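Trainee: I have the coordinates open. Can we go through the helix packing and the chain contact together?

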Amino acid sequence: MNDKKVIWKRKPLIKNRLLRIGLILLISTYLLSVFLTTEIDWQRILEGIPRGKIFIFAFFPPDFITRSDEILAGIFESLWMTIVATIVGILISIPVSLGAAKNIAPKFVYFLSRGVITLSRSFQEVILAIFFVKLMGFGPFAGMVTLSLSTIGFFAKLLSEDIEEINKSQAEAIKSTGSSWFQWVNYGVQPQVMPRFIGLSLYRLDINFRESAVIGIVGGGGIGSTLNTAFDRYEFETAAAVLIVIISIVMIVEYTSSHLRKLIK
Amino acid sequence: MPIIKQKDYKTWKKFDRKRDLQNWLCWFLGTLIFSFCFGLISSKTIWFYVFDSHNEALDLLGRMFPPETNYFLTLIKPIWDTLNIATIGTTIGTLIAIPLAFLSANNTTPSKKFLRPLALFCIVSSRSINSVIWALLLVAVVGPGVLAGIIAIGLRSIGFCGKLLYEAIEEIDENQIEAIEATGANKAQIMTFGIVPQILPAFTSISIYRWDINIREATVVGLVGAGGIGIELDAQIGDLAWAKVSVILLAIVVTVVFSEWITAKIRRFIL
């Protein structure tokens with residue numbers, strides 16, 4: 001019998017010891033430098049704690065009644081904005097996504113459409129909203145334009161990826177009947193991407209509603225404006241009510257859209 | 001695919017009459033809803049400004065060019081702050097998301113009746129509130145600055161990472177756990193040797209993905225005062241210093257592209 005105890009040690013995640021120690025050092029210097037360069041005003045935080053308490057207590061119970069008109073108006077405005085923006089955005093992204101599919105579009109159109117998609121994806125909705133509010137004035141129209149534009153980047157990118165993966169033989173069969181280009185797209189391509197198309201539309205509707213809450217903060221209309229006003233007036237009970245309304249609508253929309261997407265599949 | 005007989009020749013249509021009618025009805029209803037909504041929006045719009053917007057846009061572009069390039073030097077600190085908000089926020093978010101994910105996964109939750117719905121509720125509410133709204137809320141509580149941004153990004157990341165992580169936990173291979181269980185391991189040991197190694201790849205890719213998203217979001221939380229380059233953007237727009245604004249926009253694009261490039265690199269290196 002061997003007296004020595006055999007001890008098993010877990011293998012380290014990173015085998016190279018030098019790399020392991022180097023990574024730890026790197027991370028700790030980074031954390032230290034963050035800590036040193038970040039100004040944190042403890043005085044202000046101490047001041048804010050009672051305010052935070054007030055805000056948390058505002059949820060029990062939230063005040064739906066005092067500003068109920070404004071909350072309702074904001075919600076409906078957000079809904080109109082979302083619906084119109086999603087439809088407009090999708091209508092524009094259909095040609096863009098056809099252009100951005102490598103197997104359909106000629107090189108020139110491909111790069112042009114990819115450019116449109118990249119442009120629409122590179123800025124956050126809020127930044128776009130600031131500029132559209134500046135250009136078109138306050139209100140839901142600017143918000144709608146913003147949401148439509150950001151829909152293009154999302155929708156056209158994902159749809160064009162789906163178009164690139166279609167079954168070629170089906171498309172070719174349609175082509176061999178002597179169809180025109182539009183007939184070819186309509187009967188050869190469109191039926192193949194339709195399930196994805198509907199799924200993406202529902203998903204984007206969901207995202208657009210969430211984003212519409214933010215766009216209001218910079219003047220794009222909708223429930224965000226109501227929320228921002230409530231914060232500006234320090235009416236935390238109303239703000240809590242608005243937040244609860246947003247959360248519940250998002251939950252309803254998300255639940256229905258995921259249910260519908262499953263149904264379609 | 002019904003074939004229709006005309007007087008002297010046959011032709012076909014894609015759908016039969018009933019389906020055609022249904023489609024038509026759907027389009028009709030859709031158009032009705034669309035025009036109704038658009039009408040409501042247009043009633044709140046001052047069309048004069050909208051029709052004038054192209055002049056305004058040209059004017060704005062004229063003011064934005066040429067960009068004030070030497071302004072870029074003052075942007076280095078805000079960009080550093082933005083990166084920190086995203087990185088530290090992601091770290092905090094994922095760290096909180098781990099226990100929540102274990103509580104809400106069907107196969108690891110200790111109590112299905114009470115803790116699981118609670119954890120799921122936390123995940124959903126964190127997900128449904130945008131980080132800018134979280135920031136708005138936190139600026140009121142902890143004051144303007146980087147800290148509010150970090151917490152806002154962290155809170156928003158909890159829901160995203162928690163959801164993806166608990167889905168990954170639910171999909172693990174039960175046989176491996178059984179094997180660990182058969183050696184007489186206790187609950188904690190099953191966790192560290194049975195579950196964690198299986199979800200580690202998912203965890204890494206989720207965190208990297210979220211970091212990439214958070215860089216984008218960290219550029220805008222500053223608009224409501226929560227630190228980073230957004231504060232600078234808000235200030236310069238307020239000053240109508242458009243030549244500086246164009247530099248900031250350029251900086252944001254560069255930061256976003258950089259983050260995309262680095263995440264692609266890391267992903268290729270690790271996974």
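Trainee: In what sense, left-handed or right-handed, does helix 4 of chain A cross helix 6 of chain A?

Mentor: Keep in mind that this is a predicted model. The two axes are 8 Å apart, at an angle of about 125°. Helix 4 of chain A is therefore oblique to helix 6 of chain A. The crossing is left-handed.

Trainee: Which residues of helix 6 of chain A meet helix 4 of chain A?

Mentor: Start from helix 4 of chain A, which brings A:Val116, A:Ile117, A:Ser120 and A:Arg121. The residues of this contact divide into 5 nonpolar, 3 polar and 2 charged. On the side of helix 6 of chain A, the partners are A:Leu149, A:Ser150, A:Ile152, A:Gly153, A:Ala156 and A:Lys157.

Trainee: What is the handedness where helix 4 of chain B crosses helix 7 of chain B?

Mentor: Here the axes come within 5 Å and cross at roughly 40°. That makes helix 4 of chain B oblique to helix 7 of chain B. The contact's residues divide into 18 nonpolar, 10 polar and 1 charged. The crossing is right-handed.

Trainee: Where does helix 3 of chain A bend?

Mentor: At 1.5 Å a residue, its 32 residues should span 46 Å, and the end C-alpha atoms are 46 Å apart, so the two agree. The bend is about 30°, and A:Pro95 follows within four residues of the site. That site is A:Ser93.

Trainee: Which peptide bond of chain B is cis, with omega near -5°?

Mentor: Look in the loop between helix 3 (53-64) and helix 4 (76-104) of chain B. B:Pro66 has its place there. The cis bond runs from B:Phe65 to B:Pro66.

Trainee: What is phi at B:Leu240?

Mentor: B:Leu240 lies in the loop between helix 10 (229-238) and helix 11 (242-270) of chain B. Its phi is positive, in a residue other than glycine. The value is near 60°.

Trainee: Last topic, the chain contact. Which helix gives the most residues to the side of chain A that touches chain B?

Mentor: In total, 41 residues of chain A are in contact with 40 residues of chain B. Elements giving two or more residues to the chain A side include helix 1 (17-37), helix 8 (181-215) and helix 10 (236-264) of chain A. By class, that side has 28 nonpolar, 8 polar and 5 charged residues. The top contributor, with 6 residues, is helix 2 of chain A.

Technical notes
Residues numbered from 1 in each chain as written. Chains lettered and ligands numbered in written order. Predicted model: local features only at pLDDT ≥ 70, side-chain atom pairs only at ≥ 80, totals over all residues. Contact = placed C-beta atoms within 7 Å. Nonpolar A, V, L, I, M, F, W, Y, C, P; charged D, E, K, R; others polar. Expected span 1.5 Å × (residues − 1). Bend = angle between axes of the 7 residues up to and from the residue. Axes fitted to C-alpha atoms, helices over the stretch in contact; angles between N-to-C directions. Parallel < 35°, antiparallel > 145°, perpendicular 65-115°, else oblique. Left-handed = near helix turned anticlockwise from the far one by under 90°.
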